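I'm opening my notebook on a new structure today. Here is what I looked up, entry by entry.

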Amino acid sequence: MSFRGQLFASILVVSIAIAAGMWFFMGSSIREGFWDYVEQRAVTRLQPLVNELADVYRERQSWDALASPARWHEFRARRAPLPPAFDHRDAPFPPPEAGPDNRPHPGLPLFLLDARRQPVSDTDWPGDDALLLPIDVDGATVGYLGLPPPPELRDYHDEGFLRQQTDALLIITGIALAAAVLVALILSHLLTNRIRKLVDQVRHFSLGQYDARLAVAGHDELNVLTTHLNDLGASLRKSEQAQRQWVADTSHELRTPIAVLQADLESMEDGIRPLDPAAVTRLLHHVGRLKHLIDDLYELSLSDIGALSYRKEACNLAVIAEQAAASIAPACERAGLAFSFQTHQRDRLMVLGDSDRLGQLLLNLLNNAQQHTHAPGQVILGLEATDGRARIVVEDSPPGVPEPLQARLFERLYRVDPSRSRNSGGAGLGLSLCHKIVEAHHGSIDIASSSLGGLRVTVSLPLAKV
């Protein structure tokens with residue numbers, strides 16, 4: 001069965017159950033309430049007779065005056081006659097069953113009981129189900145006026161009226177059920193139609209059609225799901241474009257050093273350039289650049305799939321920073337840059353991390369600063385502990401990066417000046433790797449303009465609990 005059929009069947013079953021329950025419980029309530037009303041009406045009509053019986057007992061101080069059936073019936077007829085019988089000729093309901101003489105059944109019999117609930121006259125006791133109206137004299141109950149059991153109080157007019165109300169309730173219930181079926185059809189169509197549109201959009205995504213969008217009109221759950229699916233389509237489109245750009249940029253970056261190597265080798269083969277130690281050194285330099293690029297791409301790929309290994313342990317970040325500073329200082333000196341390393345609270349800079357990856361992080365930041373700073377300039381490495389975190393700050397002098405482009409420096413293969421970066425050996429992957437390493441250590445990394453005129457990169461890592 002389709003989802004629309006299941007939804008319609010569910011609503012229909014619930015509607016039938018509600019309609020049947022409504023008809024049953026309301027019908028029972030109407031019947032019980034109506035017969036209670038009939039009984040109370042009979043009691044109210046007999047109250048004057050109860051009062052006159054009390055006067056009789058008060059006058060005689062006994063029931064002797066009504067002890068015989070004849071006197072009892074004479075008293076009923078003379079002192080408190082019942083209302084005349086209902087004329088059924090114009091009644092909308094069938095008359096009661098006729099007696100042996102083809103006359104309607106006379107009025108209901110009444111019974112007079114003494115204080116011990118024994119019959120005063122020689123009449124049949126109506127039984128324990130009879131209704132008893134107490135007859136009180138001076139605060140004491142001296143007898144009871146008995147009515148037949150409740151079913152005998154019901155005349156054909158009452159039965160007909162109740163049957164009419166029950167039939168009307170049944171018709172109303174049927175109309176309500178029909179309306180419920182119609183509403184179930186409409187709701188199942190509307191809901192499944194909206195769900196079908198969502199299914200179609202997901203199918204478009206599975207076919208690579210990420211530009212499909214659905215209109216959002218409202219704030220219910222299906223509209224929220226529609227919004228999320230639209231956002232998913234935009235994310236998939238962006239991811240697809242990024243993947244294509246990544247493949248194009250990667251192939252371009254690999255092609256450049258390979259083309260340089262090929263040109264050098266072909267020139268040597270043709271005798272244009274000699275194969276001397278300088279040429280070998282140049283070739284090794286190109287191979288080193290190519291290997292560095294491939295290593296960076298490999299590590300980024302491992303990070304994307306969560307396979308980049310980290311062996312975390314408590315380590316002193318100051319010691320790692322000192323090693324990185326010792327490595328970068330000669331390169332800065334050859335490039336005409338002044339390098340300085342500033343640290344405070346050396347013994348408090350303990351972090352839980354992979355010392356090799358953290359060393360790679362610092363070297364990438366320092367190499368990036370050294371390669372993109374003009375001589376004469378300066379590069380500063382700062383390290384401090386504050387508010388339970390270790391802060392690494394790398395600053396350099398001009399040139400800087402325009403503020404709108406600073407956030408893009410973490411994108412893979414992104415370079416503000418592609419030609420200059422390629423000539424200096426950068427492929428635009430260093431900061432992307434730094435970002436991944438910092439995330440793996442539950443830290444944060446930010447880029448801003450430096451007071452020296454260049455960039456200021458700030459890394460914050462949680463201190464280890466020693």
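Which helix gives the largest share of the nonpolar patch? I found that helix H1 (residues 3-60) does, with 3 residues. Before going on, I jotted down that this is a predicted model.

**Entry: the patch.** I listed who makes this nonpolar surface patch: Trp23, Phe24, Phe25 and Leu170. Together they give it about 440 Å². I looked up Phe24 on its own, and Phe24 does sit in helix H1.

**Entry: two helices packing.** Next I went to helix H6 (residues 317-334) and helix H7 (residues 355-371). Their axes are 9 Å apart, and the packing angle is about 35°. The crossing of H6 past H7 is right-handed. On the H6 side I noted several contact residues, including Leu317, Ile320, Ala324 and Ile328. From H7, the contact residues include Leu358, Leu362, Leu363 and Leu366. What kinds of residues make up this contact of H6 with H7? I got 12 nonpolar, 5 polar and no charged.

**Entry: salt bridges.** I found 9 salt bridges in the structure. I picked one of them, between Arg203 and Asp200, where the closest N and O atoms are 2.4 Å apart. How are these two placed along helix H3 (residues 156-206)? They are 3 residues apart in that helix, so about one helical turn separates Arg203 from Asp200.

Entry: Another reminder: most residues other than glycine have a negative phi, and most peptide bonds are trans.

- The peptide bond from Ala375 to Pro376 is cis, and its omega is near -10°. I placed Pro376 in the loop between H7 and strand S7 (377-386).
- Pro398 and Pro399 are also joined by a cis peptide bond, with omega about 10°. Pro399 belongs to the loop between strand S8 (389-396) and helix H8 (403-406).
- Arg117 isn't a glycine, yet its phi is positive, about 65°. I found Arg117 in the loop between strand S1 (111-114) and strand S2 (131-137).

Methods. Residues numbered from 1 in each chain as written. Predicted model: local features only at pLDDT ≥ 70, side-chain atom pairs only at ≥ 80, totals over all residues. Heavy atoms only, no water. Axes fitted to C-alpha atoms, helices over the stretch in contact; angles between N-to-C directions. Helix = DSSP H or I, 4+ residues; strand = E, 2+ residues; numbered from the N terminus. Left-handed = near helix turned anticlockwise from the far one by under 90°. Contact = heavy atoms within 4.5 Å. Nonpolar A, V, L, I, M, F, W, Y, C, P; charged D, E, K, R; others polar. Patch = residues over 30% accessible without salt bridge, like charges linked within 9 Å, V, L, I, M, F, W, Y side chains within 5 Å. Areas by Shrake-Rupley, 256 points an atom, 1.4 Å probe, with all protein chains shown as cover. Salt bridge = Lys/Arg side-chain N within 4 Å of Asp/Glu carboxyl O.
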